[in-house]
Amino acid sequence: MEIGLVLPQTGPTASPALLRDFALVAEESGIDRLWAVDHIVLPYRTTSKYVLGRRPTVVADGWLSDNLAPNYEMLTTLTWVAGLTSSIGLGTSVASLPLRNPVLNARQLATLDACSGGRLVCGVGIGWLREEATAMGLPWDRRADRCEEHIAVLRTLWCSQSSYVEFHGEFVNFDPMDPRPQPNQQPIPILIGGHSATALSRAVRIGDGWISAPMPTARLAELLDQIRRLADSNGRDHATILKVASTSPRTLDELGRAIPEYYRLGVDHLQVVLPPLDRNTVLARVRQIAEMKT
């Protein structure tokens, strides 16, 4: 099982200097992948409900900014980290597709993958924060359908063997265009995020894998069982579905006790979210987590 870390790109301790040191120490220590999260807008007040917990919940006024600012943009951060490093994997966790133009997104991701030597994995989702899309002047209706077509656009541009490629869908429509540059990987693996029955079905139908938010291992086991049943009913070998779990342990001892359970559940990659910590403490944690791989 691989172990990855979420970059400290958001929150009170986030800074370019910490991002640089974190990425370099993670690579030197043998961490498998660095993940970046996606929020473009942090509204003060929202009526949208966060849906990845057990119960949908509206966050308090100011909570997003208090906890996530400064908020360094996901793809820009990953591009910078890619230039600082040479071998560690990179990932989006997860990109909110309704906030991104499909053609521009395809080009940005292909560029990042090509320039990094094929190190990118894309976790994607339909998003939960309507206020982000509203602030950006983007549609929010039928976002699940829009996201599925967005994924089709990505793969069409990434994998075309022709000099020119066109796409004519319900939401995206373009005449023949040059698809280059294309990613090193054909295509970049796409992991579908979300915990609903619809999201799990989408991961099995069109995803290369599934990626979860932090949750207790008991709940994770339930969702992994659902994925296995969906794979069986769709005629797909569940072993071909990359399974990425996420955890936000309070202590290293807690993480150490949990790792064998993730192995037992068949998790392929465990993403660890560290709390906001001072520079020396967080870099020490990175090294200690890397040692747990052995």
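These are my entries, one topic at a time.

**Ground rules**

I am working with a predicted model, in which local features need pLDDT of at least 70 and side-chain atom pairs count only at pLDDT 80 or more, while totals for chains, interfaces and linings use all residues. I number residues from 1 along each chain as its sequence is written, and my side-chain values use heavy atoms, with hydrogens and water left out.

**Entry 1: helix H1**

I started with H1, which runs over residues 16-29. My helices are DSSP runs of H or I with at least four residues, my strands are DSSP runs of E with at least two, and both are numbered from the N terminus. H1 has 14 residues and spans 20 Å from its first C-alpha to its last, close to the expected 20 Å. That expected span is 1.5 Å times one less than the number of residues.

Which residues of H1 are buried? I noted Leu18, Leu19, Asp21, Phe22, Ala23, Val25, Ala26 and Glu27. For me, buried means under 20% relative accessible area, exposed means over 50%, and partly exposed lies in between (1.4 Å probe, protein chains only).

What do the buried residues of H1 pack against? I found strand S1 (2-6), strand S2 (33-36), helix H3 (74-84) and helix H10 (279-291).

Ala17 also sits in H1. I put Ala17 down as partly exposed because its relative accessible area is 36%. The C-alpha of Ala17 is 9.3 Å from that of Arg279, although 262 residues separate the two along the chain. Just after H1, I saw that Gly30 has a positive phi of about 100°.

**Entry 2: salt bridges**

How many salt bridges does the structure hold? I wrote down 16. Each one is a side-chain nitrogen of Lys or Arg within 4 Å of a carboxyl oxygen of Asp or Glu.

I looked up Asp61 and Arg45, whose side chains meet in a salt bridge at 2.8 Å, N to O. This pair links distant parts of the chain, 16 residues apart: Asp61 is in the loop between strand S4 (57-58) and helix H2 (63-68), and Arg45 is in the loop between S2 and strand S3 (49-50). Asp61 is partly exposed because its relative accessibility is 36%, whereas Arg45 is exposed at 54%.

**Entry 3: Arg142**

Where is Arg142? I located Arg142 in the loop between helix H5 (130-135) and H6. The phi of Arg142 is near 50°, a positive value in a residue other than glycine. Arg142 forms a salt bridge with Asp145, with the closest N and O atoms 3.2 Å apart. I marked Arg142 as partly exposed at 41% relative accessibility and Asp145 as partly exposed at 38%.

**Entry 4: two cis peptide bonds**

I noted a cis peptide bond between Ala69 and Pro70, with omega about 0°. Pro70 lies in the loop between H2 and H3.

The peptide bond from Arg180 to Pro181 is cis too, with omega near 5°. I placed Pro181 in the loop between strand S8 (173-177) and strand S9 (190-193). Arg180 also forms a salt bridge with Asp178, with the closest N and O atoms 2.6 Å apart. Arg180 is exposed at 59%, while Asp178 is partly exposed at 25%.

**Entry 5: Arg219**

Arg219 is in helix H8 (residues 217-233). Is Arg219 buried or exposed? I found Arg219 buried yet without a salt bridge, and Glu222, the nearest side chain of opposite charge, is 5.5 Å away. For charge, I count Lys and Arg as positive and Asp and Glu as negative, and I leave out His and the chain ends.

Leaving aside neighbours within four places in sequence, I listed Leu52, Gly53, Arg54 and His195 as the contacts of Arg219. Contact here means heavy atoms within 4.5 Å.
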